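Student: Could you take me through one part of this model up close? I'd like to see how that part sits among its surroundings.

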Amino acid sequence: MYQCDGCGAAIPRKALRYQASIEVRAAYDTLEVSLWDLLRDHRRELEELVSQLDKAGATELEEQVYKKITLDLCPQCQRRFVQSPLRFGECLPADSPPADIDAFLRSLGFGQRNE
Ligand SMILES: [Zn+2]
């Protein structure tokens, strides 16, 4: 049994569910290192950085660099998520009923056929 991370509904083990993986990572454009950067004394900057790292928690630091979130979604929440990933948590007005992807995938041999 799974639980939908969108609406909290129970998703039976053999039922169609969706997984959304979200990776949030720190990104930079290519750094340009000048001769001045190489000659400069970095000691004070490094000491400041180390003292900042001491204050912040390890988890917080890790999340500032990389965070992966995996969501289990029921078919209705998958539709909401795909339509508006950044506003997924908000209640969106219901639209047309979803196509029966479950039946389609099962007709192709995925999942378990109803007996
Ligand atoms: Zn849901």
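Tutor: Let's start with Ser21, whose bridge partner in strand 4 is Thr70. Before going further, note that this is a predicted model: local features need pLDDT of at least 70, side-chain atom pairs count only at pLDDT 80 or more, and totals for chains, interfaces and linings use all residues. Numbering starts from 1 along each chain, as its sequence is written.

Now the pairing itself. Strand 3 (residues 18-25) and strand 4 (residues 66-73) run antiparallel, and eight bridges join them. Strands count as paired if DSSP finds at least two bridges between them. Strands here are DSSP runs of E with at least two residues, helices are runs of H or I with at least four, and both are numbered from the N terminus. In a regular strand the side chains alternate between the two faces of the sheet.

How many residues of strand 3 are buried? Zero of its eight, so to speak a hardly covered strand. Buried means that 20 or more other C-beta atoms lie within 10 Å of a residue's own; exposed means 12 or fewer, partly exposed is in between, and the C-beta atoms are placed from the backbone. Across the chain, 6% of the 115 residues count as buried.

What packs against this pair of strands? The buried residues of helix 4 do, against both strand 3 and strand 4. Contact here means C-beta atoms, placed from the backbone, within 7 Å. In helix 4 (residues 75-83), the buried ones are Cys77, Gln78, Arg80 and Phe81. They cover an arc of only 165° around the axis, which puts them on the same side of helix 4; the arc is that of the directions from the helix axis to the C-beta atoms. An α-helix has 3.6 residues a turn, so residues three or four places apart point the same way. On the face turned away from the buried side of helix 4 you'll find Val82 and Gln83, both exposed.

Next, look at Ile11, in strand 2 (residues 10-11). Ile11 counts as partly exposed, with 18 C-beta neighbours inside 10 Å. Beyond its neighbours within four places in sequence, Ile11 is in contact with Tyr2, Gln3, Cys4, Arg17, Asp72 and Cys74. Pro75 is 64 residues away from Ile11 along the chain, yet their C-alpha atoms are separated by 9.8 Å.

Arg106 is partly exposed, with 16 other C-beta atoms within 10 Å.

Stepping back, the chain has five helices and four strands, in the order β-β-β-α-α-α-β-α-α. Among contacts between residues at least 6 apart in sequence, 71% join residues at least 24 apart.

Technical notes:
Two residues are in contact if their C-beta atoms, placed from the backbone, lie within 7 Å.
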